[in-house]
Amino acid sequence: MDRLSSFLSFVLIDGISYGMVLFLISVGLSVTMGLMRFANLAHGAFAAIGGAVAVSLMTSTGLPFLLALVVAFAASALLGLLLEPILYAPLYGGDELDQVLMTIGLIFVAIASLNLIFGSTPLPMRLPSWLAASVDLRIRIVPAYRIFLIAVGALLMLMLWLTLDRTEFGARIRAAVENPQMAQAVGIDTRHLFAVTFMLGCGLAGLGGALGAQMLPIDPVYPLRYLATFLIVVSIAGFGNIKESAWVAIMLGVIETAGRYLLPEIAAFLTYLILIAVLLWRPNGLFSKPQ
Amino acid sequence: MKHSLVLASAALFAIPLSTQAQTIKVGIIAPMTGGSADWGVQFQNCIQLFQSQNGDSVSGRKVEVIYRDTGGANPSLAKKHAEELIVNDKVNVLGGFFFSPNAFAVSPVLTQAKIPGVLFVAATPNITQTSPYWVRTGYTSWQSAVPMAQWAYKQGIRRVYIAVQDFAPGHSVQEGFKTAFTRLGGTILGEDRMAMNTTDFAPFVQRIADAKPEAVYMFVSPGPSSIAFLKSIEAAKLKERGIKILGVAETDDQELESVGPVAKGVYSSLHYAVSLPSEMNQSFVKAVVSRFPKDGPPHAGCVGAYDGMRVIYKMIETGKGTIDEKSVEAVKGFTWQSPRGPVSIDPDTRDIVQNVYIRVVEEGRDGKLYNKVIETTPAVKDPWKEAQKK
């Protein structure tokens with residue numbers, strides 16, 4: 001019984017916190033891909049850039065971690081704001097292949113830029129002492145960082161849900177997504193809305209990159225390395241299903257953690273087997289409404 | 001007018017031909033770009049350092065070095081570079097090689113062209129067996145793994161858990177450590193091969209903790225994965241539970257800044273350390289750091305290239321100004337002093353015979369982390385080939 005409770009506490013705490021990291025780095029993509037129907041494969045670049053700015057400022061100027069998170073959000077949001085009218089807007093509603101090609105090109109530009117500015121080695125990342133400390137939960141001793149991830153993830157889920165479901169801004173976004181022409185007709189500035197949404201998605205990416213930097217170290221190849229990871233989360237949940245993508249991320253985190261613990265050799269395939277199974281059954285994602 | 005033009009063009013053609021007879025060309029195949037670019041950069045830097053210290057001519061012949069980029073593990077590209085270097089650039093010898101698959105792909109080219117190849121780093125033991133033209137100045141994976149097993153046993157460690165990344169170099173050190181450790185009488189409590197796509201290492205660290213070993217022997221390719229693995233080990237407080245962490249290159253000096261304080265107390269087994277106290281090494285390190293301040297202290301890549309050039313120069317000397325198919329024979333048994341210590345080329349296997357050092361990461365007097373050498377195993381021949389003989 002003791003072994004079982006130990007195993008369960010491990011899988012739940014480590015699995016859910018890992019799932020939260022997955023959620024945090026992919027929620028921005030869920031926003032852009034779902035709400036704007038745009039295949040932004042360069043999403044990881046915004047995560048890496050925001051994370052890189054935050055982590056390097058922490059190291060060089062001793063910027064406190066929580067402030068660094070704000071900087072990460074702001075830096076990526078700003079970059080998104082600048083790039084959106086130049087690179088993304090011309091391709092809205094256009095051929096998906098064009099969108100894919102442009103954003104893949106953007107990935108390589110980002111990798112080269114990160115290499116040039118920050119060097120090729122992973123950026124040194126030190127957690128502040130209050131996060132590096134351990135918390136005694138009686139059944140288990142857990143790093144404070146993992147609990148922090150769960151708390152922040154839950155908070156973010158709540159804030160996104162409140163914004164989308166309970167504010168006028170959220171209502172306008174949902175309207176613009178459902179029917180852009182009608183939304184435009186009733187006076188919603190869809191162009192402006194898309195720019196703001198994209199900015200939000202990129203900001204969330206940067207925040208995710210900085211939050212997860214302890215587990216996912218930031219180096220120039222980051223945008224490419226984790227591309228498959230967040231595409232998987234977003235695909236299984238279905239584009240734009242932000243709340244659902246949180247559940248999917250948590251589920252994947254728990255399954256992968258338990259899998260790697262119990263059956264290390266098979267666990268590597270587990271995530272991909274799940275992806276294939278889900279997409280064969282529900283090609284638009286687990287939670288998509290039938291088209 | 002036309003006459004002199006023809007003469008001028010003829011003269012132009014004549015010049016390269018005559019200098020070609022005088023220049024020895026070395027073709028270096030290495031990752032100059034991509035994730036492992038710092039190895040190619042170290043090759044280049046330390047070759048330049050060698051030539052600045054030893055001159056760029058040997059026996060009246062100028063030694064010219066040409067670089068070709070593989071970008072990563074790309075066997076077909078490495079083979080193409082080798083062929084082009086030999087046929088188009090007319091190189092006399094090939095060198096470099098960080099990724100073993102690239103070296104394997106070049107083996108048949110060496111044999112066919114009868115051109116020597118010098119392995120600066122690529123560590124799979126049997127590369128030198130795939131062509132009689134290979135000479136190794138780097139190291140083999142078993143040269144690192146076996147002395148570590150021997151040292152661990154000597155410390156009284158009897159129960160070890162092995163956790164390596166699931167690819168060829170990981171499997172190689174896993175085999176090497178396990179063979180040596182069990183032969184001495186130790187027990188391997190468990191062996192995990194961690195998938196290359198692992199993001200969160202917590203499950204693997206939990207498995208290690210559950211087995212309650214006295215030490216864990218790890219191999220994770222230096223980079224984001226090794227950093228994540230070491231941080232997971234720290235979070236699970238393995239060191240506090242008395243479990244010694246034994247590795248290969250995860251905490252080598254050039255990685256310490258990225259890895260951070262979690263590297264403290266981690267042991268590793270390698271054929272070089274920046275802190276080696278010999279006068280030759282200390283002046284070597286100073287020279288590298290002052291010439292190339294942006295690229296960090298020398299590591300195994302630098303030493304492999306530096307000694308690789310030493311061997312190439314020896315080939316030219318004994319060949320009285322040329323390198324040919326007899327050059328490999330000429331350097332068998334060659335003994336010299338390297339920044340890493342006394343070294344020689346094994347006449348039977350053409351591998352380098354060298355000291356292997358057990359290091360531990362400690363805080364230096366300047367407060368910065370470094371690898372301190374705590375044990376030296378002298379004159380280690382490649383244990384893998386020794387094991388094949390039995």
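This is a predicted model: local features need pLDDT of at least 70, side-chain atom pairs count only at pLDDT 80 or more; totals for chains, interfaces and linings use all residues.

Biologist: What makes a residue of helix 11 of chain A buried, and which residues are they?

Modeller: A residue counts as buried if 20 or more other C-beta atoms lie within 10 Å of its own. A:Thr229, A:Phe230, A:Ile232, A:Val233, A:Val234, A:Ser235, A:Ile236 and A:Ala237 are the buried residues of this helix. They pack against helix 1, helix 2 (43–61), helix 12 (242–262) and helix 13 (264–281) of chain A. After helix 11 of chain A comes A:Gly238, with a positive phi near 100°.

Biologist: Which members of the largest nonpolar core touch the most others?

Modeller: They are A:Val233, B:Val216 and B:Met218, in a core of 203 residues. Helix 1 (residues 2–36) of chain A contributes the most to this core, namely 17 residues.

Biologist: Why is this core said to lie between domain 1 and domain 2 of chain B?

Modeller: Domain 1 (2–139 + 279–350) and domain 2 (142–270 + 356–389) of chain B both give residues to the core, so it lies between them.

Biologist: What is B:Met218 in contact with, neighbours within four places in sequence left aside?

Modeller: B:Met218 is in contact with B:Ala163, B:Val164, B:Phe229, B:Ile245, B:Leu246, B:Gly247 and B:Glu250.

Biologist: How many residues does each chain bring to the contact between chain A and chain B?

Modeller: Chain A brings 22 residues and chain B 24. On the chain A side, helix 1, helix 12 and helix 13 each give two or more residues. That side divides into twelve nonpolar, five polar and five charged residues.

Conventions. Residues are numbered from 1 along each chain as its sequence is written. Chains are lettered from A and ligands numbered from 1 in the order in which they are written. A nonpolar core is a set of buried Ala, Val, Leu, Ile, Met, Phe, Trp, Tyr and Cys residues joined through C-beta atoms within 7 Å. A residue is buried if 20 or more other C-beta atoms lie within 10 Å of its own, exposed if 12 or fewer, and partly exposed in between; C-beta atoms are placed from the backbone. Helices (H or I, at least four residues) and strands (E, at least two) are DSSP runs, numbered from the N terminus. Domain bounds come from an automatic or database domain assignment. Two residues are in contact if their C-beta atoms, placed from the backbone, lie within 7 Å. Ala, Val, Leu, Ile, Met, Phe, Trp, Tyr, Cys and Pro count as nonpolar, Asp, Glu, Lys and Arg as charged, and the others, Gly among them, as polar.
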